[in-house]
Structures are given as C-alpha cells and as structure tokens.
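Colleague: Can you walk me through this one? I would like to start with how it is divided up and then go on to details.

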Amino acid sequence: MTERVDAMRAVEIAEFDKADGLRTALCCTLVKSAEHLGVFNEVFDLYFRPQAAYRAVPEHKPALNLEHAVRAVLRDGSDELARQAAEQGVAEFARFEAGRPVAGVMYERWTLAALRLDELVAQRLAEVAASGVGTAGPDAPGQRLRLQLQRTEVTDRAALLRGHVRKVIRELLVADRGPDAVAKTLRQPLTADIDISMASREQLLEIQRVMEPLRHKLATTMMRKRRNRTGPVNVRATLRASMATGGVPARVVHHRPRPTKPQLYVLADMSGSVATFAAFSVTLISAMSQLYSRLRSFVFIQNAAEVTDVFRDTRDPARALTAIGAYVTASELGGYTDYGRALRQFHGTVGRQLERRSTVLIFGDARGNYLPSEEATLSEIARRAGSVYWLNPEPGARWDSGDSMMRAYQPHCTAAVTCRTLNDLRRFIEQIG
Amino acid sequence: MAAEPLETDQAAVPVTAERFADTASVKQGLAEAGYLADDKIAGVVSLAARLGKPLLVEGPAGTGKTQLAKSVAEMAARPLIRLQCYEGIDESKALYEWDYRKQLLWIQAARGDETFSADAIVENGKGIFDERFLLTRPMLEAIRSPRPAVLLVDEVDRVDAETEALFLEVLAEQQVSVPELGRLTARHVPLVFLTSNATRDLSEALKRRCLFLYLDYPSPEREREIVEQAVPGLARTLVDRLVGLVDTLRRLNLRKPPSVSETIDLARTLYLLGAAELDLTDSSLGLNVLLKYREDIQVAGAALAPADRLHRDWPRRD
C-alpha cells in the first residue's frame with residue numbers, strides 16, 4: 001500500500017517530457033528487488049506503449065527487400081532499420097489473426113523462420129571469421145579478441161532484431177485485445193520459480209545464471225544464523241570490560257560459540273527427467289560445502305557411485321552431468337532405476353559413518369519400476385542418522401501413483417517434501433539449518 | 001562582528017533545491033563532480049531528493065554505488081556523514097552512546113558538592129543524562145547536523161535483520177528516540193543513501209521506506225565515456241577493444257565478473273605500458289588485472305579461444 005502511495009507521489013512530479021520519465025518514477029517506487037525488473041519492464045511496455053493500429057505494409061515507407069535489410073542490420077546494427085524490418089516481417093509473415101487469445105509465440109516463430117534469421121546469422125559469422133584470417137593471421141596479438149568481439153556483436157544484433165519482432169507483435173496484440181488481456185497471457189514466472197525438471201534449455205541457462213547469487217545469499221544467511229547463537233558468559237572478559245565503567249559490569253561479554261557443523265550425505269537419482277533436477281541441487285549444495293564438516297554425494301541409477309569429487313571441482317551443472325556420464329555405464333543409462341539396490345549400496349558404503357549429527361538427503365521421485373523397495377534399509381539408515389529428508393520433484397498428489405514407492409519410504413523419513421524450483425530448494429536448505 | 005559569520009554561513013550552504021529540480025540538472029551536477037550518470041540514475045536521485053525519501057542503491061560490487069553518494073554530496077555542497085555497516089553493529093555504533101566514563105567521573109567529582117543529591121539523579125536524571133554526555137554516532141549526527149547533510153549507510157546488507165529495525169525510525173520519521181532525553185527530531189532532513197551488495201534479502205519494512213535503484217554494470221557506451229574520463233590519453237581503438245572485452249567477460253558465468261574499477265585499472269595499466277594492442281593469453285596481463293580468481297581466468301581463457309567452441313551447449317537429455 002505504501003508503495004502505491006509513493007508511486008502516485010512520484011508520478012505527480014515525474015518528468016513526462018523525458019523518454020523514460022514515467023518508467024523511472026514507477027520503477028523506483030514499485031520495484032524493490034533486482035529480479036523483478038524484467039517483469040516490470042514487460043508489463044510497463046504493455047500498458048504504456050503508444051499503441052500501433054494493425055496495418056498492412058506501411059505505405060509511406062518503400063517496402064524493403066527483407067533479406068538485404070536483415071543482412072544490413074547484422075552488419076551495422078541500425079536500430080531503425082531493425083524496427084522497420086521487424087514491422088514489415090510481422091505484417092507479411094506472422095499471419096496475425098485478430099481476436100485470438102494467444103501470447104504471440106507462434107507469430108514470432110513464423111516471422112523469424114520466414115526471415116531466415118538463423119541462416120543469415122550463421123553466414124555473417126562465417127564472413128567475420130574469414131575476414132579475420134585474411135589480414136594478419138589468426139595468432140597475431142589481439143586478433144583472437146577482435147574476432148571474438150565481432151562475433152559477439154553479430155549475435156547481439158540478431159537479438160536486437162528478435163526483440164523488435166517481439167515488441168511489434170506485442171503492440172499488435174495490445175491494440176487488438178487490450179493490455180489487461182495480454183498481461184494475463186504472459187504468465188512468465190521468475191527464474192527461481194521455474195520447475196527445473198520441465199525447463200527448456202534457455203530456461204536452464206537462466207537458472208544456472210541466478211544460481212551463483214542465490215548460493216551466495218543462502219551461504220551468508222546460514223552462516224549468520226549459526227554465528228548469532230551466543231556462547232556462555234565469558235567472566236574474565238566481562239570483568240575486564242567493567243574496568244571502563246568503574247568496576248560495574250555494564251557490558252556482558254560472551255564466549256564465541258563454536259558452531260557444530262552438520263555432516264551431509266546426499267543420494268541422488270540420475271535417471272531421465274530427475275537427472276537435471278538432481279544435478280542442480282547437488283551443485284548448489286556442493287557449492288556450500290564450507291557450511292558442513294563433511295559432505296559426501298552419491299548418484300545412482302542401478303548402482304550407487306560416489307561423486308563428491310566431481311561436484312567439488314565444478315560449479316556448472318552441465319559439466320557435472322557430463323562428468324558423471326563417465327561414472328555411470330551406458331548399460332545403466334538405459335536400465336531401470338533400482339531404489340532398493342541403491343539404498344543397500346549406500347548403506348554399505350556410508351552406514352558405519354552415520355551418527356546423530358548426520359543428515360541424509362535423498363533426491364528422487366521414488367519410482368522404482370516395481371522392483372523391491374527395501375524400506376528396511378531406509379529405516380536402518382534413518383535409525384543411525386540424525387535425520388533423513390526426501391526431496392521429490394513430483395507434486396504430492398502424484399506420490400503414490402504407478403510405481404512410486406513414496407508411501408513405503410515416507411514413514412521412515414524425518415520429512416518428505418516436494419521440491420521443484422530453485423526457491424523450494426533454498427527454503428528447504430534454510431530450514432534444515 | 002556578528003554579520004560576518006552569518007555571511008560565510010549562507011555562502012557555504014547554497015540553495016540545493018534547484019540542483020535536484022530535474023534529471024538534466026542532476027546529471028550536469030554529477031558530471032561536474034566527476035561522476036558520469038545516465039538518465040535513470042539522475043532521474044531517481046532527483047525524485048529521491050524532491051520526495052525526501054531515502055534511496056536504496058543495489059548492485060554488483062564496484063559499480064559506483066558509494067561513489068554516487070559521495071558525488072551527490074559534493075554536488076550539493078553538503079557534508080557527507082558515513083556509516084560503514086558490518087555484522088554485529090548495534091545502536092551504540094550507529095545511533096548514539098552514553099559516555100559512561102565521563103558520567104562516572106562527573107559523579108565522583110560532584111559527590112563532594114552540597115547540591116549533589118543522588119535521589120534527584122535517579123528520579124529525573126538531571127545533570128547526568130543530558131546532551132553533553134551523549135556521544136552522537138553517524139545517524140544521529142546526520143539528523144542533528146546544523147547544515148543539511150548527506151547520510152551514506154554503506155553495505156546495509158551486512159547488518160543483521162534485527163539491527164535493521166533500528167534504522168527504520170531514522171529513515172521513516174527522521175527522528176531518534178533516546179529513552180532518557182525523549183525524541184530528537186531532525187533539524188534538516190538529510191539525503192540518505194543506502195548501498196547494498198545484495199548478499200542477502202533486506203527486510204520488507206526497510207525496502208518499503210526507500211526508493212530503489214539498481215546500479216548494474218554500465219552499457220558499453222557509458223563505460224567508454226567513463227574510461228575516457230579516467231584515462232584521457234588512451235587510444236580510441238584500444239578503449240573500444242577493452243570495453244568490448246569487459247562486456248564479453250561479464251556475459252560468462254564467472255565467479256566475480258569484472259567491475260568498472262577493474263576496467264579503469266586495466267586502462268591505466270595499458271596506458272602506463274604504452275601498449276598498442278590488447279593481447280590475450282592465459283598468462284597475459286589483461287585477464288590477470290580484470291579477474292580475481294584463478295578459475296575465472298581459466299574459464300575466460302577457454303571461452304575466448306576461437307573457432308571450435310562457440311557456445312557451451314547443455315547436454316542433451318535422452
């Protein structure tokens with residue numbers, strides 16, 4: 001509520017003659033977190049762009065040869081030309097139908113395919129590479145950098161063109177159905193709330209990008225939570241401090257607490273759709289290894305293998321997955337997940353080390369392909385360890401459907417939670433301390 | 001003579017309202033103070049000054065958040081009062097503290113006096129709890145300053161959530177409640193800047209009372225201007241190359257992407273060495289000045305290697 005009042009006060013004194021005067025005024029009062037800036041800009045563009053009426057190829061501008069126009073944009077990066085090409089491309093190829101309640105994804109795809117953007121980008125990149133080799137040779141000092149910078153420029157300009165196409169389509173949609181209706185179809189979740197097992201490749205790269213600051217925030221919160229517990233009163237230091245106040249102990253000094261770091265054992269299912277989720281989760285946890293006195297991670301499909309070193313050396317889930325490919329033989333990849341066997345092997349390797357301070361995390365969907373569940377092993381693990389948590393990327397309603405053995409495993413766990421997004425994972429880790 | 005001190009006083013405090021009247025004048029003022037701001041930054045600073053609200057500046061390290069506050073103070077000719085936050089800071093370091101030692105000495109000295117009455121002290125704290133024994137810390141200082149000031153609360157995200165609550169009263173109502181003295185209200189409303197590196201989420205109550213500005217890495221054009229201003233003698237092509245390189249490095253998934261200060265460092269290095277070309281190998285100077293972690297240097301070196309590996313692809317799921 002306060003923010004809305006502030007926003008209105010800011011709008012009162014906003015500078016409307018400036019290009020982004022209104023946007024700045026609303027942004028600084030309504031958006032209080034960096035992750036929300038993207039969403040804000042999208043929604044702002046919906047409601048506050050000058051609306052363009054749907055029109056055929058504009059008469060006052062001569063029709064462009066689109067292929068030449070795209071090539072020119074990739075060469076020079078002219079914003080106006082990109083916009084004009086986008087408008088013409090959308091008018092010719094998007095097959096826009098008034099009144100259809102869509103988000104415009106197909107229009108965009110058709111337009112870009114018809115403009116042959118990917119093909120022209122590849123051609124331009126080849127031209128750039130060829131021109132570089134000609135002059136001074138590929139190993140001349142600074143040559144590599146120059147080529148790389150030119151390549152980046154080309155991809156940037158392609159992104160510029162794509163952005164313009166998207167904007168033109170958005171404007172048409174808003175002119176057609178009004179901003180409220182279009183805003184409803186946007187429905188783009190924040191990166192940390194995307195379901196990992198169902199994310200597309202671009203989304204996975206996005207998630208990977210936000211994982212580092214998230215890990216940092218999580219580690220800081222955890223370390224502070226632990227450090228804030230004060231130890232017992234340090235009598236000697238208190239008396240010493242009291243000398244400054246005339247012998248009166250006005251300030252009580254405590255011992256620094258010696259935090260007991262828990263030990264963490266992670267067992268992750270690496271089959272099929274759960275593999276990506278497991279890779280992200282274990283990468284995140286391994287990146288915070290300084291919070292735990294001992295951290296060992298295992299993956300399994302049919303046999304459990306220790307992968308602590310793999311995750312220790314890399315912060316990139318993609319690379320970790322490829323490295324794990326070496327641990328897991330090809331025959332296993334095609335085989336069926338065997339939870340019982342994996343639990344047995346895990347218990348065999350680690351069981352003796354488990355104690356009250358140990359926490360066991362199991363990542364998996366508990367779908368054991370109707371093989372024996374071996375819940376006795378799990379109950380044995382739970383007996384020895386301080387706590388056992390099961391993180392399941394499936395929603396709770398699906399937990400007992402088909403070959404899922406959650407009902408058998410759940411009673412032995414301290415808690416079984418649904419965990420699908422980065423935020424879920426973060427909240428869980430904060431909770432277990 | 002009484003007239004003279006008055007004159008110097010007025011001259012020292014120029015009318016600042018005009019300087020913040022709109023984006024253009026703020027931008028010009030900051031440029032005169034040596035800070036190259038873009039329209040968004042100038043606009044938000046202008047709004048914060050006119051609305052009288054504190055400004056929360058968030059962003060990656062080294063993008064000029066603290067420098068912004070300093071430049072605004074210089075531009076408005078106001079004193080800069082700085083509170084450097086750290087974990088474990090409490091109100092005795094941020095707001096005020098009673099000078100116990102002086103108080104004890106005063107009691108011991110006054111004990112011999114006939115008018116000294118211990119009961120009167122306990123009842124209304126007369127003589128012992130007054131402003132002469134109050135040590136003012138930055139926040140209280142900013143409020144009680146005889147001249148309007150700029151208060152910079154640096155790295156507020158390092159403070160515990162509980163301590164943030166202490167700042168709320170100052171930020172929202174510009175007053176500090178001292179139990180023994182009552183409420184000390186502001187003589188002049190200070191311009192408050194809070195900077196944060198986003199290592200943790202700040203509390204909602206704090207964010208609600210502030211305007212928000214995200215200082216991201218500058219765009220290539222602006223970075224070019226900043227480098228040209230910092231290192232005037234560097235060749236144009238070299239500046240372009242440098243800015244392009246830093247831009248590319250920031251798109252990689254590095255542990256610590258290079259910030260503006262590192263760009264300026266490398267520009268100065270190149271100028272001092274009289275380099276004509278920007279060379280890049282693992283052991284070369286460039287990467288070692290810009291990046292601060294060994295793994296980052298390796299990742300950057302691999303990514304800048306040409307031809308066969310243009311993009312890192314996500315492994316295909318079967």
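**Domains and overall shape**

Modeller: Chain A is assigned domain 1 (66-188), domain 2 (209-228 + 260-432) and domain 3 (231-259); domain bounds come from an automatic or database domain assignment. This is a predicted model, in which local features need pLDDT of at least 70, side-chain atom pairs count only at pLDDT 80 or more, and totals for chains, interfaces and linings use all residues. Residues are numbered from 1 along each chain as its sequence is written, while chains are lettered from A and ligands numbered from 1 in the order in which they are written.

Colleague: How far apart are the centres of domain 1 and domain 3 of chain A?

Modeller: Their C-alpha centres lie 66 Å apart.

Colleague: And what box do the C-alpha atoms of chain A fill?

Modeller: Roughly 85 × 75 × 55 Å, taken along the principal axes. Chain A has 19 helices and 6 strands; helices (H or I, at least four residues) and strands (E, at least two) are DSSP runs, numbered from the N terminus. The radius of gyration of chain A is 29 Å, well over the 22 Å that the globule rule gives for 433 residues, so chain A is more spread out than a compact globule. That radius is taken over C-alpha atoms, and the globule rule is 2.2 Å times the number of residues to the power 0.38.

Colleague: What percentage of chain A is buried?

Modeller: 31% of its 433 residues. Buried means that 20 or more other C-beta atoms lie within 10 Å of the residue's own, exposed means 12 or fewer, and partly exposed is in between, with C-beta atoms placed from the backbone.

Colleague: Which residues touch the most other members of the largest nonpolar core?

Modeller: V266(A), L267(A), A278(A), F298(A), V299(A) and F300(A), out of 61 residues in that core. Helix α12 (residues 274-287) of chain A gives the most to this core, with 10 residues. A nonpolar core here is a set of buried Ala, Val, Leu, Ile, Met, Phe, Trp, Tyr and Cys residues joined through C-beta atoms within 7 Å.

Colleague: What does V266(A) touch?

Modeller: Leaving out residues up to four places away in sequence, V266(A) touches V282(A), I285(A), S297(A), F298(A) and L361(A). Two residues are in contact if their C-beta atoms, placed from the backbone, lie within 7 Å. There is also a second, separate core of 59 residues, which includes V72(B), M75(B), V159(B) and L211(B).

Colleague: Changing topic, how many residues does each chain give to the contact between A and B?

Modeller: Chain B gives 40 residues and chain A gives 45 residues. On the side of chain B, α3 (39-51), α6 (100-110), α10 (204-208), β9 (211-214) and α12 (236-251) each supply at least two residues. The most comes from α3(B), with 7 residues.

Colleague: What is the class make-up of that side of chain B?

Modeller: It has 17 nonpolar, 6 polar and 17 charged residues. Ala, Val, Leu, Ile, Met, Phe, Trp, Tyr, Cys and Pro count as nonpolar, Asp, Glu, Lys and Arg as charged, and the others, Gly among them, as polar.

Colleague: Now strands. Which strands does β5(B) pair with?

Modeller: Strand β2 (residues 80-84) of chain B pairs with β5(B) in the parallel sense over 5 bridges, and I81(B) stands opposite L151(B). Strand β8 (residues 191-196) of chain B also pairs with β5(B) in the parallel sense, over 4 bridges, with L152(B) opposite F193(B). Pairing requires that DSSP finds at least two bridges between the strands. As for β5(B) itself (residues 150-154), 4 of its 5 residues are buried.

Colleague: Where is A366(A), and is it buried or exposed?

Modeller: A366(A) is in the loop between β4 (358-363) and α17 (375-384) of chain A. A366(A) is buried, with 23 other C-beta atoms within 10 Å. Its phi is near 60°, a positive value in a residue other than glycine.

Colleague: What about A198(B), what is its phi?

Modeller: About 60°, positive although A198(B) is not a glycine. A198(B) sits in the loop between β8 and α10 of chain B and is partly exposed, with 18 other C-beta atoms within 10 Å.
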